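Subject: Structure for your review

Dear colleague,

Please find the structure below, followed by an account of what was found in it. I would be grateful if you read the two side by side.

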Amino acid sequence: MSYKVNEEGNIATVHLDGEIDMDVTEKAKEVIFPHIDAGKEVHLNLSNVQYMDSSGISVLIESHQKALEKNTKVIIKDVSKSVLKVIMMAKLEQILNLE
Amino acid sequence: MSETAHLDHSEKKAFLVNSSSLKEVRNFCREVFEKLQIQQELKDELVLAIAEAAQNIVKHAFKNSADVNELMVVEISCENNKLQIAFYDRGTPVDPKKVKHREIDNVKPGGLGTFFIQEIMDAVEFKDGNKPWINHLVLTKQL
């Protein structure tokens, strides 16, 4: 997994690239969580993520819940069809902020 | 169930039990499913189910093990359009009664892997592991 972060004002846009599995979840958290802890709105762009397993879904849930605690939000953008299917299988499409 | 007749075929491969093997497990499955001419959407689902089962071996069967040389074997067989995926490992014996997913409405991190496996596959069965194996998990799906 590789990543790129753009910050503009109070918005941090995190682009993840590759396959998100148990092997990379700690790295994904290290990239995403500091922005949430800083109270930023995080835009998580998943257009280049073609595979995500339950570990990746856990990162999305944890990010969402952490953001609520910090009175901010995580918006998941440009989800690929294959990842959307996993999100829907987990019945999270109404819980997570998807755009 | 698909109307396509899939080739009878069987392949197995051993992987080191660690999280960095999960990508290799997925790639192995994708290659075999390509040979079986399984359509993309179903292939993605099956790869997810297999990767989740392999992840459970890494996370649970070997959670107290520091031995990085342990192997798990994944065997994919297709016969008469019935797909069977077998996993063999020598980790802590699994008690099938304790294998359950979290309540799906109780949203929290974790506990989804087993749910995905059950959603995707027709049957999930723990069998007795013949020596040298301790755990033998079999997932099946009618194609």
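Predicted model: local features only at pLDDT ≥ 70, side-chain atom pairs only at ≥ 80, totals over all residues.

Residues are numbered from 1 along each chain as its sequence is written, chains are lettered from A and ligands numbered from 1 in the order in which they are written, and side-chain values use heavy atoms, with hydrogens and water left out.

A histidine in chain A

Helix H2 of chain A, residues 54-69, contains A:His64. This histidine is buried, with a relative accessible area of 13%; buried means under 20%, exposed means over 50%, and partly exposed lies in between, for a 1.4 Å probe and protein chains only. Leaving aside residues up to four places away in sequence, A:His64 touches A:Val74, A:Ile95, A:Leu96 and A:Asn97, where contact means heavy atoms within 4.5 Å.

The sheet of chain B

Five strands of chain B form an open sheet in the order S1-S2-S3-S5-S4, with antiparallel pairing. Two strands are taken to pair if DSSP finds at least two bridges between them. Strand S1 (9-16) and strand S4 (123-128) of chain B are the edge strands, each pairing on one side only. From one strand to the next, the twist averages 15°. Angles run from 0 to 180 degrees between N-to-C directions, and axes are lines fitted to C-alpha atoms, for helices over the stretch in contact.

Strand S3 (residues 82-89) and strand S5 (residues 135-142) of chain B are joined in the antiparallel sense by eight bridges. Across this pair, B:Asp89 stands opposite B:Asn135, B:Tyr88 opposite B:His136, and B:Lys82 has B:Gln142 as its bridge partner. Six of the eight residues of S3(B) are buried, so this strand is largely enclosed by the rest of the structure. In S5(B), seven of the eight residues are buried, so S5(B) is also largely enclosed by the rest of the structure.

On its other pairing, S3(B) meets S2(B) in the antiparallel sense over seven bridges, with B:Val73 opposite B:Tyr88. S2(B) and S3(B) form a hairpin with two residues between them. B:Asn80, in the loop between these strands, has a positive phi near 50° although it is a residue other than glycine. B:Asn80 is exposed, with a relative accessible area of 60%.

S4(B) and S5(B) run antiparallel and are joined by six bridges, and B:Ala123 stands opposite B:Thr140 in S5(B). These two strands form a hairpin with six residues between them.

Helix H2 (residues 40-61) of chain B lies across strand S2 (71-79), S3 and S5 of chain B and runs at about 15° to S3(B).

Helix H1 (residues 22-35) of chain B has 14 residues and reaches 20 Å from its first C-alpha to its last, close to the expected 20 Å; the expected span is 1.5 Å times one less than the number of residues. Its buried residues are B:Leu22, B:Val25, B:Arg26, B:Phe28, B:Cys29, B:Val32 and B:Phe33. They cover an arc of only 160° around the axis, which puts them on the same side of H1(B); the arc is that of the directions from the helix axis to the C-beta atoms. Their cover includes strand S2 (11-20) and strand S3 (41-52) of chain A together with S1, H2, S2 and S3 of chain B. Just after H1(B), B:Gln37 takes a positive phi of about 55°.

A nonpolar core is a set of buried Ala, Val, Leu, Ile, Met, Phe, Trp, Tyr and Cys residues joined through side-chain atoms within 4.5 Å. The largest such core has 69 residues, of which A:Ile57, B:Phe33 and B:Ile76 touch the most other members. H2(B) gives the most to this core, with twelve residues. Apart from residues up to four places away in sequence, A:Ile57 touches A:Met52, A:Val86, A:Ile87, A:Ala90, A:Leu92, B:Leu112 and B:Phe116.

A loop residue in chain A

A:Asp78 lies in the loop between strand S4 (74-77) and helix H3 (81-89) of chain A. Phi of A:Asp78 is positive, at about 55°, although the residue is not a glycine. A:Asp78 is partly exposed, with a relative accessible area of 45%.

With kind regards

Methods. Helix = DSSP H or I, 4+ residues; strand = E, 2+ residues; numbered from the N terminus.
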